[in-house]
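Please read them beside the sequence and the coordinates.

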Amino acid sequence: MSKILITGATGNIGFEVIRFLNEIDSPNRIIAGVRNIEKAKNVFQNYPDLDYTHFDFEDFDTFDNALNGIDTVFLLRPPHISDIDKYFKPLILKIKEKKINQIVFLSVQGAEKSKVIPHNKIERLINENGLNFIFLRPSYFMQNLTTTLIKDIKTKREIILPSGKAKFNWIDIENIGEAAAILLDKFDDYKNQAIEITGLENENFEKVSALINESIDNPIRYKNVNPLRFFMIKKRDGMMKGMIIVMIFLHFLPRFQKEPKISDFYERLTGKKPTDLKTFIEREKKQLDKQ
Ligand SMILES: NC(=O)c1ccc[n+]([C@@H]2O[C@H](COP(=O)([O-])OP(=O)(O)OC[C@H]3O[C@@H](n4cnc5c(N)ncnc54)[C@H](OP(=O)(O)O)[C@@H]3O)[C@@H](O)[C@H]2O)c1
């Protein structure tokens, strides 16, 4: 039995990874590395076998103890951490010092194309330190609709973005969590590969809004704005400057890029088709409609 440390355990992906490790009856010991153990215990009430350790990306003193006896790390970058040299370099060095030689890193589709994005820097750090890795590179989360974008949907019945007609590939985080759980369990079979994981549909926000409207009673509309206007709207709404810039980066740049590539990795790994947008919207329609 090996020991797997899950970082970002209480977030979108981390939670799904733990849920699926449980579902596939992983023989490994799973340890959630979290900032607040009490809060995490509440999140994982239904997972009595889960262990916890105090781990904070921004507190280097927590690294040594959290990594004790660990064989494999599921690593993700919390969205607000972009200074990779400051936070991830010491962590990767500590992982190496502890002779942990298996990392599954949640990256992003296209990470290899841009040296400036944080995921690219983290992938290079892992490579340069000679650690065995699996880079899992997902496309655009369907759950952005029910997290980052939900406030505008609920309060304004709008999706406000600078995306024009750019098409995104939409993936369900449940599919990512399931794939990551299998990769953690069968690390040797996939080691030292960068793997793209996507859904089957490339669609723009106009089309996705129309799909949502087919399932709900109170329609929403997609409002395309230029990046400057987006910045002003979000600043007025109280969003942090760094987060607004990340949102612009993520939603404006695809206007100038080719459509995302569609990968069949999820189906090859699990024998199932990934979730389609219609199914996701139907599943989450209560959240997307007006209460
Ligand atoms: N959204 C997309 O479409 C998309 C697509 C591809 C890739 N990605 C990548 O996915 C990653 C985000 O994953 P996610 O959506 O699962 O994130 P998330 O839901 O925002 O969760 C972040 C997790 O990190 C934890 N965390 C935050 N700060 C921490 C710290 N200082 N120390 C320890 N833990 C900390 C949070 O724990 P607490 O409970 O303590 O807050 C939470 O568990 C990003 O790297 C993003 O670039 C996103």
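1. Which backbone oxygen does the side chain of Ser163 reach? The side chain of Ser163 reaches the backbone oxygen of His251, at 3.0 Å. A polar contact here is a pair of N or O atoms within 3.5 Å; within protein, one must be able to donate a hydrogen and the other to accept it, and residues adjacent in sequence count only if both atoms are side-chain atoms.

2. Basis of the notes. This is a predicted model, in which local features need pLDDT of at least 70 and side-chain atom pairs count only at pLDDT 80 or more, while totals for chains, interfaces and linings use all residues. Residues are numbered from 1 along each chain as its sequence is written, and side-chain values use heavy atoms, with hydrogens and water left out.

3. Ser163 sits in the loop that runs between strand 8 (158-161) and strand 9 (168-171); helices (H or I, at least four residues) and strands (E, at least two) are DSSP runs, numbered from the N terminus. The relative accessible area of Ser163 is 0%, so Ser163 is buried (buried means under 20% relative accessible area, exposed over 50%, partly exposed in between, with a 1.4 Å probe and protein chains only). Not counting residues up to four places away in sequence, Ser163 touches Phe168, Phe205, Tyr222, Asn224, His251 and Arg255, where contact means heavy atoms within 4.5 Å.

4. Helix 9. Phe205, one of the residues touched by Ser163, is also among the buried residues of helix 9 (residues 205-215), which are Phe205, Val208, Ser209, Leu211 and Ile212. Seen down the helix axis, these buried residues fall within an arc of 160 degrees, so they line one face of helix 9; the arc is that of the directions from the helix axis to the C-beta atoms. An α-helix has 3.6 residues a turn, so residues three or four places apart point the same way.

5. Ends of helix 9. The N-terminal end of helix 9 is capped by Asn204, with a side-chain oxygen 3.1 Å from the backbone nitrogen of Glu206. Ser215 is also in helix 9, and its side chain makes a polar contact of 3.1 Å with the side chain of Glu282. Ser215 touches Ile281, Glu282 and Lys285, not counting residues up to four places away in sequence.

6. Gln143 and Asn144. Gln143 belongs to the loop between strand 7 (140-141) and helix 6 (150-156), and Asn144 is found in the loop between strand 7 and helix 6. Gln143 is buried at a relative accessible area of 8%, and Asn144 counts as buried at 13%. Leaving out residues up to four places away in sequence, Gln143 touches Ile171, Asp172, Ile173, Glu174, Phe280 and Arg283, whereas Asn144 touches Leu149 and Ile150.

7. Helix 5. The buried residues of helix 5 (residues 118-128) are Pro118, His119, Asn120, Ile122, Glu123, Leu125 and Ile126. They pack against strand 4 (72-75), helix 4 (84-97), strand 5 (102-106) and strand 6 (132-138). Gly130 follows helix 5, and its phi is positive, near 70 degrees.

8. Most residues other than glycine have a negative phi, and most peptide bonds are trans. Asp25 has a phi near 55 degrees, and so does Arg157. Asp25 is found in the loop between helix 1 and strand 2 and is exposed, with a relative accessible area of 65%. Arg157 is found in the loop between helix 6 and strand 8 and is buried, with a relative accessible area of 10%.

9. Second largest pocket. About 230 Å³ of space lies in this pocket. Of its 13 lining residues, the closest to its centre are Asn22, Asn28, Ile30, Asp49 and Leu50. Helix 1 (12-23) and strand 2 (29-34) are the elements that give two or more residues to the lining, and helix 1 gives the most, with 3 residues. On a 1 Å grid over the protein atoms alone, a pocket is an open set of points where a 1.4 Å probe fits, with protein on both sides within 12 Å along at least five of seven lines; lining residues have an atom within 4 Å of a point. Grid points are joined across faces, edges and corners, and a volume is the space filled by probe spheres set on the points.
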